[in-house]
Amino acid sequence: MIVMKTDATEEDIQRVIAEVEGSGLRAVVIRGEYMSVIGPVGDERRLDFDKVATLPGVKEAARVEAPYKLIGKEYARFLGEPGAHKRVSIGKIHIGNGEPVIIAGPCAVESKQQIVRMAEEVKKAGAHILRGGIFKPRSSVHSFQGVGAGSAQDAEEALSWLKEAGDAFDLPIVTEVRGEAMVDMVAKYVDIMHIGARNMYDQDLLVQVAQKGKPVLLKRHFGASVEELLSFSEYIAAEGNKDIILCERGIVPVGKGKSYTRYTLDLAAIPVVHRETYLPIIVDPSHATGRRDLIFDMSCASISAGADGLMIESHYNPAEALVDGPQMVTPDELKDIIDACKTLYRTKKELGRTSRA
Ligand code: PEP
Ligand code: MN
């Protein structure tokens with residue numbers, strides 16, 4: 001971590017960057033309101049921090065032993081913003097440290113008619129962003145893989161339906177990108193690029209997606225610790241893209257026998273993430289529980305725990321849904337959930353409990 005003096009010149013900054021790059025590392029430069037910070041990315045043992053500390057304009061240069069630095073609160077402190085939090089903006093929608101943002105839509109895009117109708121329904125229910133998977137990660141190769149899974153042409157057509165649906169109802173769109181081959185195409189259409197739980201560990205995919213410069217929704221792998229979630233989000237930040245939205249979606253249940261829920265929703269991860277990083281975190285109660293009857297309670301619990309938003313699967317006819325029918329709420333149920341969450345958020349605000357630790 002190299003902290004520049006408040007009066008450091010551009011020439012001073014460039015000299016430090018040259019030193020970092022000359023040592024075989026990359027330099028991530030963050031220009032704060034008060035000062036700039038340069039984060040060397042790579043094997044830091046190769047950089048002579050003592051030498052860097054003597055360069056003109058350098059206030060402090062030291063190795064920081066932590067798996068994540070660029071997204072950490074400690075780092076924000078260097079920028080003169082103690083307790084800083086980030087709001088990820090998608091047009092006029094802001095995720096983080098404000099009203100909870102609701103992402104809703106079907107698990108999978110099934111047809112143009114279905115996604116357009118769902119866009120209208122979720123908009124009416126009060127959602128802010130439309131979701132819908134084009135490629136579905138499935139346990140069985142014999143299951144429906146998503147309307148975009150057949151060919152690049154199928155994928156592009158499905159993406160265009162999702163975009164048309166979003167545009168028609170003024171809703172930004174988010175879809176999961178699977179496989180590096182699809183990154184460019186998905187980036188052309190969506191407002192937020194979603195990396196699914198199963199791909200959280202795919203650092204090559206993370207890097208490619210990050211380079212598109214669009215906001216990234218990174219879901220926690222169901223076997224990952226919070227530290228791993230944060231460490232892997234650092235791969236995105238290291239590409240200079242800090243528009244990262246984290247998502248808690250449940251971890252593997254413990255014990256033998258029936259667990260009653262698809263996964264176990266780790267609610268404590270929300271305030272923990274808020275203490276560790278300035279990035280926003282949302283919750284997906286749909287995949288976490290796998291049960292429609294639990295979505296209302298888990299949504300309320302998530303907002304109470306400080307979640308910056310929710311991602312909820314919804315379908316006008318859950319029984320007819322091609323994927324994840326049992327966890328889909330109807331648009332009417334979605335509206336109830338959103339209304340309740342708004343009330344809860346207002347109550348927290350009245351109690352003075354909405355600002356982060
Ligand atoms: C999804 O949101 O469509 C999804 C498949 O979720 P996850 O990656 O969390 O399983
Ligand atoms: Mn699903």
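Phe 222 is buried, at 18% relative accessible area. Buried here means under 20%, exposed means over 50%, and partly exposed lies in between, with a 1.4 Å probe and protein chains only. The model is predicted, so local features need pLDDT of at least 70 and side-chain atom pairs count only at pLDDT 80 or more, while totals for chains, interfaces and linings use all residues. Residues are numbered from 1 along each chain as its sequence is written, chains are lettered from A and ligands numbered from 1 in the order in which they are written, and side-chain values use heavy atoms, without hydrogens and water.

The structure holds 3 aromatic pairs. Rings of Phe, Tyr and Trp (its six-membered ring) pair if their centres lie within 6.5 Å; planes under 30 degrees apart are stacked, over 60 edge-to-face, and the rest tilted. Phe 222 and Tyr 263 make a stacked pair, with 5.4 Å between centres and 25° between planes. This pair links distant parts of the chain, 41 residues apart. Phe 222 is in the loop between strand S11 (216-219) and helix H8 (226-237). Tyr 263 is in the loop between strand S12 (244-248) and helix H9 (269-276). Helices (H or I, at least four residues) and strands (E, at least two) are DSSP runs, numbered from the N terminus. Tyr 263 is buried too, at 12%.

Tyr 263 also has a charge over its ring. The charged end of Arg 249 sits 4.1 Å from the ring centre. The rule asks for NZ of Lys or CZ of Arg within 6 Å of the ring centre and within 35 degrees of the ring normal. Arg 117 lies over the face of Tyr 316, at 3.8 Å from the ring centre. Elsewhere, Tyr 201, Phe 232 and Tyr 235 form one aromatic cluster.

Next comes helix H4, residues 112-125. H4 has 14 residues and spans 20 Å from first C-alpha to last, close to the 20 Å expected. That expected span is 1.5 Å times one less than the number of residues. Its buried residues include Ile 115, Met 118 and Val 122. Among the elements covering the buried residues of H4 are strand S7 (101-105) and helix H12 (331-350). Just after H4, Gly 126 takes a positive phi of about 110°.

What is the count of disulfides? The count is 0, where a disulfide is a pair of cysteine sulfur atoms within 2.5 Å. The sulfur of Cys 247 is too far for a bond, because the closest cysteine sulfur, in Cys 107, is 13 Å away. Cys 247 is buried at 0%, and Cys 107 is buried at 1%.

How values were computed:
Contact = heavy atoms within 4.5 Å.
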